[in-house]
Amino acid sequence: MVTGGPGGDWTALDARAVTTARVLAMDAVEEAGHGHPGTAVSLAPAAYLLFQRFLRHDPADPDWAGRDRFVLSCGHSSLTLYIQLHLAGYPLGLDDLRAYRKKGSLTPAHPERGHTPGVETTTGPLGQGIATAVGMAMGARRERGLFDPEAPAGTSPFDHRVFVLCSDGDIQEGISSEASAFAGHQRLGNLVVVYDDNRISIEGSTELAASEDVAARYAAYGWHVQQVGLAGDGDIDLAALSGALDAAVAETDRPSIVLMRSTIAWSVPGAQGTAGSHGSALGAEAVRAAKTVLGVDPDAAFLVPDDVRAWTTSAARRAGAAEHAAWDEAFAAWADRNPGAHARLRRLRDGHLPEGFADARPSFPAGTPVATRRAFGRALTAAAAQLPELWGGSADLGDSNNTTVDGASSFLPASSTLPGADPAGRTIHWGIREHFMAAAMNGIALSGLSRPYGGTFLVFSDYMRPAVRLAALMALPVVHVWTHDSIGLGEDGPTHQPVEHLASLRAIPGLDVVRPADANETAIALWKVLGDRGGPVGFSLSRQDLPVLPDGTDGFRPVAGTVRGGYVRWEAPAADDAAEPDLIVIATGSEVHLAVDAARTLAGEGIRARVVSMPCREWFDGQDAAYRDGVLPPAVRRRISVEAGVAQGWHDLIGLDGRAVSVETFGASASAAELYDHFGITAEAVAAAARDLMRVPATATGRPQGA
């Protein structure tokens with residue numbers, strides 16, 4: 001069955017390729033026995049049009065720097081993407097489509113970045129894709145300004161677009177509102193979104209839950225808005241869609257959205273337009289009937305006619321090769337004109353730090369009271385002076401988070417009249433949009449040329465968690481700056497005092513949570529993070545001043561041990577250097593100096609205590625067993641953890657004989673000093689717990705309990 005197309009050079013082979021994509025989606029879900037066939041079947045024409053006519057990409061080089069980016073925000077319809085990658089000639093074979101959703105396949109249920117060639121970002125949690133794409137568009141604008149600011153629009157090798165295919169679910173998720181409002185405010189003209197307005201969700205019609213005018217909503221955001229209705233047969237109107245995409249690409253002063261009507265599971269008798277087709281296999285008889293309607297052999301499965309494959313693959317590869325060659329020529333000319341910028345680009349691609357970076361780290365004199373948030377701000381500013389790739393901001397808390405490293409350069413569109421406005425500015429004013437901030441940071445980081453950071457209070461990390469989790473899943477090098485990290489923030493009270501958040505964040509695999517004890521631990525930890533190209537890191541920083549502890553004197557061990565994640569910070573002297581301590585106190589952040597005070601008191605009573613600073617459990621757990629056992633000797637079972645939060649997550653280190661000095665309820669409104677005393681997070685409480693432990697035989701076993 002040959003359906004209509006956009007006209008011009010649209011051929012019968014293009015129409016057959018669309019039909020092939022539809023039936024491949026049906027067959028893959030039938031083979032798996034589960035999946036999301038309806039959207040993949042109905043979106044085949046739009047996806048084919050994008051990949052064959054609008055996207056600049058090269059199937060022979062999926063990571064080509066000059067490519068446009070495509071984000072399938074409705075990640076549940078992963079077959080929409082996999083099938084186009086297959087037809088275009090990416091290294092994704094027919095056997096991979098047959099293995100859809102199977103263990104070890106290149107075609108998992110939702111697209112995973114780094115797993116399948118051609119997948120730009122991991123999607124599936126609705127709304128994340130469109131928000132990540134806004135970050136990609138931001139990153140592209142910043143990088144263009146960093147490397148080629150003088151080139152006329154559309155002429156730079158750093159110019160590319162970000163295309164998004166999203167669903168009703170994406171539009172309904174709150175993060176899409178945050179992201180879309182920001183994109184409109186920033187006038188991100190390199191962003192094009194196609195919204196599949198099929199008006200069906202799992203429970204039925206979208207009218208069950210939504211009735212707003214989406215076009216008016218996006219117009220209010222400042223987007224270029226177009227609407228494409230259904231064709232006469234109920235299918236996507238490809239001619240209208242093609243024209244709308246032409247207009248969207250031509251619009252460079254605003255982000256564009258095309259509201260495209262479709263009929264879910266179009267062409268499947270009995271299933272089209274139904275909620276059941278969203279997430280369940282269509283069934284063998286329905287698939288046979290659909291193939292008959294489409295003019296395809298109903299008894300054939302995973303059929304890709306040779307002429308269709310040759311047509312789609314050769315067209316995509318031919319276009320990709322030509323665009324790639326033209327880009328290579330433009331890039332070479334740019335490199336000749338800009339040797340300094342080219343050298344910087346090579347450094348970033350190689351993941352290297354500039355010479356002298358190690359010497360730029362600030363240090364802080366012992367005894368000086370400094371909040372770790374302020375120490376972080378000073379260190380961040382020093383790092384930014386060396387690293388132009390380091391940029392970011394705060395969710396309207398710049399002065400509190402200390403994340404404004406360049407107060408004279410704000411990331412704002414060229415149309416802005418605000419002081420310091422710069423389309424490639426360094427400081428991002430995210431507004432009060434924590435969830436979007438985290439997702440956009442993921443998008444910025446995906447190019448590999450930027451190191452984004454974003455700040456807010458630790459308690460509001462709850463708003464960010466889905467995007468933080470995706471950063472960990474993709475191992476993206478983003479830096480989260482979470483300040484006001486405990487009851488120590490004081491009078492703002494329990495709504496703003498995080499008590500369960502450290503344990504919750506440490507539960508995310510692949511996320512390093514750093515809670516430094518003082519200013520020097522803070523700077524050393526930041527330098528370690530910036531020297532790595534690993535996954536996401538969250539800094540948990542104090543509002544209140546903390547004493548800078550001595551470094552290698554007066555019983556204190558060298559603070560350089562910070563990079564190990566856990567190290568001996570202070571220990572009472574022993575007559576025999578080989579003697580093990582009587583007990584170990586493990587503390588983090590603002591509680592380390594309390595642990596040291598307690599250990600000194602205990603030393604006067606003849607109890608030899610070791611204080612271990614544990615700024616990062618993840619780093620410590622990554623050390624070899626010999627190192628870990630050297631810091632926490634297995635024979636020393638009298639252990640105390642000290643942290644102004646819940647004790648969950650410490651019992652594996654303190655064991656059955658241990659004690660936890662912790663906060664097991666919500667906070668209260670009072671000064672920091674009053675709250676620490678009220679909740680028993682004091683040197684006296686630590687010393688009392690130690691004395692209690694010393695009354696227990698070293699071989700005893702018992703359950704951990706609060707001090």
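Helices here are DSSP runs of H or I with at least four residues, numbered from the N terminus. The model is predicted: local features need pLDDT of at least 70, side-chain atom pairs count only at pLDDT 80 or more, and totals for chains, interfaces and linings use all residues. Residues are numbered from 1 along each chain as its sequence is written, and side-chain values use heavy atoms, with hydrogens and water left out.

**Stop one: the largest pocket.** A pocket is an open set of points, on a 1 Å grid over the protein atoms alone, where a 1.4 Å probe fits, with protein on both sides within 12 Å along at least five of seven lines; lining residues have an atom within 4 Å of a point. Volume is the space filled by probe spheres set on the points, which are joined across faces, edges and corners. The largest pocket holds about 910 Å³. Select R144, A153, G154, D159 and N190, the closest to its centre among 32 lining residues. Then colour α6 (128-147) and α13 (306-337), the elements that give two or more residues to this lining.

**Stop two: the second largest pocket.** Its volume is about 750 Å³. Select R67, R69, L446, S447 and G448, which lie nearest the centre of this pocket, out of 36 lining residues. Helices α6, α14 (339-350) and α17 (434-445) each supply at least two residues of the lining. Of these, α6 gives the most, with five.

**Stop three: helix α3.** Select residues 44-54. Among the buried residues are Y48, F51 and F54.

Conventions: Buried means under 20% relative accessible area, exposed over 50%, partly exposed in between (1.4 Å probe, protein chains only).
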